[in-house]
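Have the structure open as you read.

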There are 4 protein chains.
Amino acid sequence: MTDKIRVAVLGAAGRMGATTCAAVESAEGLELVARVDVGDDVATAVRESGAQVAIDFTIPAVTEANVHALLDAGVHAVVGATGWTDESRARVAEHAAQVNAGRPQGQGLGVVIAPNFGLSAVLAMQFAAKAARYFESAEVVELHHPNKVDAPSGTARHTAAAIAAARRDAGLGPMPDATEDGWEARGADVDGVRVHAVRLRGLVAHEEILLGNPGEQLVIRQDSFDRVSFMPGVLLAVREVANHPGLTVGLEHLLDLA
Amino acid sequence: MTDKIRVAVLGAAGRMGATTCAAVESAEGLELVARVDVGDDVATAVRESGAQVAIDFTIPAVTEANVHALLDAGVHAVVGATGWTDESRARVAEHAAQVNAGRPQGQGLGVVIAPNFGLSAVLAMQFAAKAARYFESAEVVELHHPNKVDAPSGTARHTAAAIAAARRDAGLGPMPDATEDGWEARGADVDGVRVHAVRLRGLVAHEEILLGNPGEQLVIRQDSFDRVSFMPGVLLAVREVANHPGLTVGLEHLLDLA
Amino acid sequence: MTDKIRVAVLGAAGRMGATTCAAVESAEGLELVARVDVGDDVATAVRESGAQVAIDFTIPAVTEANVHALLDAGVHAVVGATGWTDESRARVAEHAAQVNAGRPQGQGLGVVIAPNFGLSAVLAMQFAAKAARYFESAEVVELHHPNKVDAPSGTARHTAAAIAAARRDAGLGPMPDATEDGWEARGADVDGVRVHAVRLRGLVAHEEILLGNPGEQLVIRQDSFDRVSFMPGVLLAVREVANHPGLTVGLEHLLDLA
Amino acid sequence: MTDKIRVAVLGAAGRMGATTCAAVESAEGLELVARVDVGDDVATAVRESGAQVAIDFTIPAVTEANVHALLDAGVHAVVGATGWTDESRARVAEHAAQVNAGRPQGQGLGVVIAPNFGLSAVLAMQFAAKAARYFESAEVVELHHPNKVDAPSGTARHTAAAIAAARRDAGLGPMPDATEDGWEARGADVDGVRVHAVRLRGLVAHEEILLGNPGEQLVIRQDSFDRVSFMPGVLLAVREVANHPGLTVGLEHLLDLA
């Protein structure tokens, strides 16, 4: 008989945290053992509950401290909070390496930090990057609700950068583009890939990658309609984190796409 | 028994002209009686052939003179050539009015000048304009082959302008848009409507209009894959031009959309 | 100074009713004066509240009786409840005619029964019907969540029937279709128009109409992500019902699409 | 200095063959050395021309014999002709193994048989198969011109079968589907995956794979507008065939998607 994985949720009272608690409770093979929020001591909460994995959907001000506390407490971490920098990630990687050096072989602690837990978004980006070397042209259109203050979205930037890197690796030059007048309609230039941002009432978060060759087109589109869309990715990370000791950045490294 | 409409094609040796000749020849109720091109005298050609309607797919340098010659010869004109200005259209309208004043009631000559004979393009624009007043948000994305030198396309500009006019008429204010950073990704501003231009190898000419309200979206998309797509619109104009004496600008005025 | 329209909501405790109450409360020019539900007497409730327009989002068992009570009470009705038949609609039309015969000219009561208050859905259907006569081919794809028990959706059936009627009126014959093997992949036949039903977790209610000619395609797509999408249509009906005395079936008759 | 690859085209007078000849002639690093057609002896033609790779776009009646002749002549084969069976492929695999047993290590002859040389089609199928295990729902919509006699398309069948296999491997059960009435609108059942076929004038060959989870959707779409779209795949196979001794069925095995 397989024991259930015991899970704590940090930031349990927030919107993502509450959605996550509900998802853990109804997921097969997982058991919600602690809801931790402002005012609770993370180390105490995870120790007393016997949590094996903690999911952090807190805020930039506290997420890094939470992860260090989880590593000291011997708990795997799955992190969806934002605000991470190269420096904060490096500190966590180093801390995890130190902790794991003192643990038995095959039992290292894992920390998964994912900017996006949406499977459709992560897969769209991966597929776009893999396909990019086989097409002359590639552009990205992201579409969001009109309350979004930044453009283009972080996901679209990452996608464009991944496309640009794949083209460079394959030795492809600049894309064909005869535009002389009207560059302002041609979107933002991210590493040579054009990125367009649509803002429309009614939409949530969507991305479309268009790839073109003579006589053919490949379009990869993903739609996120609701924050519940992140739950399959969160649950997958909870189930996989113990198989990935040390720091892993990006849900794509937990997927089997070979 | 109904007689066939006798049709002349001006610019018959060009790509659009040749496609048009083939379309007229295979169309029910039409008869191709003259292929006119560089070096031919338009007046002589239409008179000798007994043409009732002439289709002009020539070049900016000669199209206006052709239409005046057709009016003098008593022939209806359907014009797909580009390069028309407000002034040249005004001269044709005046000339047609003069000619029609001397003709029997109900037998006035018609001139149809259409910037776009694509039914899907014309309908997309009309529907977008009609729908615009009922939505909070509207944006236009046009997609073309990468050899196009201007952005956004004329069709997209016209569509955006029609959406803007419909919103003004309905008393709608500016669309919601919280963008603070990254305006270069938000496309060109055409009368307050954002227009995005994608350039992709493999595409021909495509336009997508997105309209959004809380919880819903309406998308109107049209694809032009080939110049044969203009033929249904050209043939419709040939059949309808005699019912529209004087100058008509735009295929939409020949459609029954009420 | 314009007085606000006083509005009652019947079925106020249901999901659509509650959403409607919130929408009326935040709408400019409208005032919510009564929330009526099971156990309340409709006639008394609207009389005491001074309601001018009542919105009925109740159940098939009571909606017709509600509308008759509203007509007797001198209140306009906007009806979103389902379960109406030709017979129940005919009884309401007759009742409204009797009532209006006794009212001053220009002050007749209106009853608007709408199977669908989604503006994008109603507009998609209207545009598809108007465009149909200009295309050789037309098919409908509807996409819904996988809990839906019937296929294709009522909206898709209505859309296909409207396309078929428009084609008949224009004298068009059957669409081109060389299919010999594999008819089960070709969807349902609704008056000669093929309708396909997709069921996919994550979707809500969506419809796509595809129209094709040689070398071109027109696609009209609508997405309903959430029941708030019905509110703009409901509010539009509340504002317009007094201008449409007697029975009106379908939101499209309140739209200005000419 | 790198020598150009010397290429022969069999079936050079056919439509695909002619397009292929043109593509080889304008491709960097390739040299067209023989156009072979009905009446020519394949063995003689490739020997006299010194061809290293032959592309076969002939007809079912002769393609297998051509490939055996090429193997005997020591020429790599890239095959786009149709009509292959499990038996004919097995014979070619065995013949290739015999021939390669007598050739120096690393210089084995390769035969690439591809049902589809469209990169966008092949990638769409691969991505759909890889993504399938991560989604609750998956359906396939293929869209073609109305002269196609079979439905659904072979590509759509293969895609659905690949999705079904991936779901089985991941231990997923049947997809959610509450349909009670109207199964004829739900498309064909291919290994438990619903496949819908749209036939529309103006279209060529298109496929859309929809994958759904709670709150999210991933759509992979490919459009083939023209037979030139097969050329990048054909040229890729010509360049790669020497690195794949023996029989390879499917362009996907030549792509780097890891």
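How many cavities of 30 Å³ or more does the count come to? The count comes to three. Here a cavity is a set of points, on a 1 Å grid over the protein atoms alone, where a 1.4 Å probe fits but cannot get out.

This is a predicted model, in which local features need pLDDT of at least 70, side-chain atom pairs count only at pLDDT 80 or more, and totals for chains, interfaces and linings use all residues. Residues are numbered from 1 along each chain as its sequence is written, chains are lettered from A in the order in which they are written, and side-chain values use heavy atoms, without hydrogens and water.

The largest cavity has a volume of about 670 Å³, taken as the space filled by probe spheres set on the points. It is lined by 36 residues, each with an atom within 4 Å of a point. Closest to its centre are A:Glu208, B:Glu208, C:Glu208, C:Arg221 and D:Glu208.

Now to the helices, which are DSSP runs (H or I, at least four residues). The axes of α5 (residues 119-132) and α6 (residues 154-169) of chain A come within 8 Å and cross at roughly 25 degrees. Angles under 35 degrees count as roughly parallel, so α5(A) and α6(A) are roughly parallel to each other. Residues in contact have heavy atoms within 4.5 Å.

| Helix | Contact residues |
|---|---|
| α5(A) | A:Met125, A:Ala128, A:Ala129, A:Ala132 |
| α6(A) | A:Thr155, A:His158, A:Thr159, A:Ala162, A:Ile163, A:Ala166, A:Arg167 |

Key:
Axes fitted to C-alpha atoms, helices over the stretch in contact; angles between N-to-C directions. Helix = DSSP H or I, 4+ residues; strand = E, 2+ residues; numbered from the N terminus. Parallel < 35°, antiparallel > 145°, perpendicular 65-115°, else oblique. 1 Å grid on protein atoms, 1.4 Å probe; cavity = no way out; pocket = protein on both sides within 12 Å on 5 of 7 lines; lining within 4 Å.
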